[in-house]
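Dear colleague,

Please find the structure below, handed over for your records. My notes on what was found in it follow directly after.

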Amino acid sequence: MRRKLAAGNWKMNGSLAALAELDAIAAAPAGDIERVICPPAPYLAAAAQRCAGTPLEIGAQDCHAEASGAHTGDISAKMLAETGARHVILGHSERRAAYRETCASVRAKSIAAHAAGLAPIICLGESQSEREAGAAQSVIARQLKDSLPDSVDASFIIAYEPIWAIGSGLSATPQDIAEIHSAIRAGLTARFGSRVATQIRILYGGSVKPDNAAATFAARDVDGALIGGASLKASDFNAIVAHLAAA
Ligand code: PGA
């Protein structure tokens with residue numbers, strides 16, 4: 001059985017004072033749902049210290065593929081792990097677009113993250129024009145193939161985030177989500193075998209809110225969510241977690 005996961009992506013939002021939201025998330029009942037919040041890098045250590053001894057885990061939003069070196073402004077996976085982070089989001093579409101991150105770079109980062117003991121949350125998603133052209137499945141299949149290393153284990157997490165649904169208020173329909181998630185599961189099974197493929201969690205992301213969470217989590221093969229805007233307020237995040245626990 002895959003443990004359900006609610007991951008919050010704060011993006012470049014929040015502040016030291018906003019880490020108080022973590023207390024309200026950590027204290028909320030969550031059943032057996034695993035919860036992770038990914039604040040901006042400068043707050044990771046404070047966030048991890050704040051959540052130590054609680055079930056709430058902390059994750060990062062990106063890492064460099066190399067362990068150290070002349071990479072001004074970058075942060076290695078090992079450094080993230082030292083802050084107390086346990087997860088790292090990789091290949092988010094905002095980074096793929098703004099920094100031209102390729103699938104090959106996401107793949108290399110995921111290898112580094114795994115070696116440092118971080119669970120990689122690898123994001124895949126098609127654009128609006130790709131969906132309208134009927135290419136969503138093929139785009140996701142290619143991203144899945146090229147963004148994952150040749151060997152994975154149960155710590156790897158996939159997040160399907162259609163680009164047109166991120167921050168737009170437009171969420172994919174449960175049928176769209178189920179179709180893509182089942183294609184991802186099939187792709188994982190074909191490549192890695194069913195034992196590992198059935199252990200890997202597939203999250204949906206893109207305008208998940210308290211009022212659409214129940215419908216989203218009712219879709220087949222949805223193991224949780226990657227939540228942007230609605231993870232900034234503990235009350236919204238906790239409401240989504242409650243829907244996930246009830247699904
Ligand atoms: P959103 O962001 O929930 O604000 O759409 C999701 C994400 O980009 O991870």
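Helix α4 (residues 93-98) supplies three residues to the lining of the largest pocket, the largest share; helices here are DSSP runs of H or I with at least four residues, numbered from the N terminus. The model is predicted, so to speak of local features a pLDDT of at least 70 is needed, side-chain atom pairs count only at pLDDT 80 or more, and totals for chains, interfaces and linings use all residues. Residues are numbered from 1 along each chain as its sequence is written, and side-chain values use heavy atoms, with hydrogens and water left out.

The lining comprises 22 residues, and Met-12, Gln-61, Asp-62, Arg-95 and Tyr-99 lie nearest the pocket centre. A pocket is an open set of points on a 1 Å grid over the protein atoms alone, where a 1.4 Å probe fits, with protein on both sides within 12 Å along at least five of seven lines; lining residues have an atom within 4 Å of a point. By class, 12 lining residues are nonpolar, five polar and five charged (Ala, Val, Leu, Ile, Met, Phe, Trp, Tyr, Cys and Pro are nonpolar, Asp, Glu, Lys and Arg charged, and the others, Gly among them, polar).

A side-chain N or O atom of Lys-11 is 2.7 Å from a ligand oxygen, and for the side chain of Glu-161 the distance to a ligand oxygen is 2.7 Å.

With kind regards

Methods: A polar contact is a pair of N or O atoms within 3.5 Å; within protein, one must be able to donate a hydrogen and the other to accept it, and residues adjacent in sequence count only if both atoms are side-chain atoms. Helices (H or I, at least four residues) and strands (E, at least two) are DSSP runs, numbered from the N terminus.
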